[in-house]
Amino acid sequence: MGPNHAHPAQEPCVSQHPNPSQARPADSTPSSPQPTPADIRRWRQYLADERAEAAVYRDLAQNRDGEERAILLALAEAEGRHEAHWLRLLGDHAQKSRPASLRSQFLGFLARHFGSVFVLALAQRAEGRSPYALDPNATDAMAADEQIHEEVVRGLATRGRNRLAGTFRAAVFGANDGLVSNLSLVVGMAASGVASGVVLLSGVAGLLAGAMSMAAGEFVSVRSQRELLAATRPTQITLAAAPKLDIEHNELMLVYLARGMSHEAAEHRVAERMGLLSCDCDPSLSLQPELPEAEDQHEAVGTAWGAALSSFCFFASGAVVPILPFLFGLTGVTALVVAAVLVGLALLATGGIVGLLSGTSPLTRGLRQLGIGLGAAAVTYVLGLAFGTVVG
């Protein structure tokens, strides 16, 4: 029976806003009349990738403990919920499985055999490329999960990047400096028309000079940083001098104001030091005695000799690559081409590694590194030709 038009006032008032109790739950399956063959293929691919990603997180969790392990296992569990969604949609069609994408298979291989920060960096990029936000068959909750997963993995990868930051930065950029500077030197000398033996000698001299320069620079830098830390660290003089100060006129407050405290916090700290307070009346204002920090800042900086040795080795490892063809007896254009190819491959590798660690495209970073390195060598080659022509 149709609505009662004679008494419109008796009709129930219907809100124009959706009733939350009638709305589709965030994890409900969107309705689909009949899946097409394309839908089935896509869902099978999603299913395979979700299974592979869950396995990646479980493999990574095996090499972690504590909080990181729990986070990785929670991510694997979330991927399992997504897997169940595609299984429901596929029904009987799920019996015929598809292989995971090459990216997911590669991630799985790295997770099983390495389990390093590189895997997390790649997983971060994979989560950021999720197609669920644009797929009508994926739920809103799944799309939101993938966005959150990207941030979770980004946080885990950041922990690893921080652990590698100092040493790895020195390794990659030291080797890169050696590659570019010595290739430029070798190419420039060869373009000037000198004999191959002179080119080799120049390359060896460039390797030693550059490595010594890098070592000396790192030694001075780290030693200076340690001296600055020692000079800026507060002393314990306030503990010894406080009992002898005049309560009415003392300069203890100036010490704390100079250290950056607010006036209120400085007054509270002075009262503690003078023995006027027997307890922490306001813990937010109390900084307690200047005890040594749990983390040794000097240890975080490293030792000057260790930094110098590592810089020498990293630079030398890169600088030796351009002279390898000459060491093995190649001469002329052949040696230059082989040197350029070897250095190009090394630049692609170092650039790709930096891209992985920074969460950006390894290929883009690798090509950028390659372009910069070979560009510098090309400029030096032209200058060498010009110099050789002038001298000749």
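First, a term for the tour: buried means under 20% relative accessible area, exposed means over 50%, and partly exposed is in between, with a 1.4 Å probe and protein chains only. This is a predicted model, where local features need pLDDT of at least 70 and side-chain atom pairs count only at pLDDT 80 or more, while totals for chains, interfaces and linings use all residues. Residues are numbered from 1 along each chain as its sequence is written, and side-chain values use heavy atoms, with hydrogens and water left out.

**Whole chain**

Start with a cartoon view. You get 14 helices and 0 strands; helices (H or I, at least four residues) and strands (E, at least two) are DSSP runs, numbered from the N terminus. Of the 392 residues, 36% count as buried.

**Stop 1: α1 and its neighbours**

Select residues 37–62 (α1) and 66–90 (α2): their axes come within 8 Å and cross at roughly 160 degrees. Here axes are lines fitted to C-alpha atoms, for helices over the stretch in contact, and angles run from 0 to 180 degrees between N-to-C directions. Angles under 35 degrees count as roughly parallel, over 145 as roughly antiparallel, 65 to 115 as roughly perpendicular and the rest as oblique. So α1 and α2 are roughly antiparallel.

What is the hand of the crossing of α1 and α3? It's left-handed, and the crossing of α1 and α2 is left-handed too. The term means that the near helix is turned anticlockwise from the far one by less than a right angle; clockwise would be right-handed.

**Stop 2: a charged trio**

A salt bridge is a side-chain nitrogen of Lys or Arg within 4 Å of a carboxyl oxygen of Asp or Glu. Side chains of opposite charge can pair when their charged atoms come close.

Arg 42 meets Asp 39 at 3.1 Å, N to O; both sit in α1, 3 residues apart, about one turn of the helix. Arg 42 also meets Asp 135, at 2.7 Å, N to O. This second pair links distant parts of the chain, since Asp 135 is in the loop between α4 (117–128) and α5 (140–191), 93 residues from Arg 42. Colour by accessibility: Arg 42 is partly exposed at 24%, Asp 39 is buried at 15%, and Asp 135 is buried at 7%.

**Stop 3: a pair on α5**

Next, pick Glu 151 and Arg 154, a salt bridge with the closest N and O atoms 3.2 Å apart. Both lie in α5, 3 residues apart. Glu 151 is partly exposed at 43%, and so is Arg 154 at 30%. A search of the whole structure finds 6 salt bridges.

**Stop 4**

Switch to a surface and select Val 333, Val 337, Val 341, Leu 345, Leu 348, Leu 363 and Leu 367: they make a nonpolar patch of about 660 Å². Two elements each give two or more residues to it, α13 (332–358) and α14 (362–391). Patch residues have over 30% relative accessible area and no salt bridge; like charges are joined within 9 Å, nonpolar side chains (Val, Leu, Ile, Met, Phe, Trp, Tyr) within 5 Å. Areas come from the Shrake-Rupley method with a 1.4 Å probe, and for residues only the protein chains shown count as cover. The largest share, 5 residues, comes from α13. Over on α14, Leu 363 is exposed at 59%.

Finish at Ala 386, also in α14 and partly exposed at 41%. Its C-alpha is 7.4 Å from that of Ser 192, 194 residues away along the chain.
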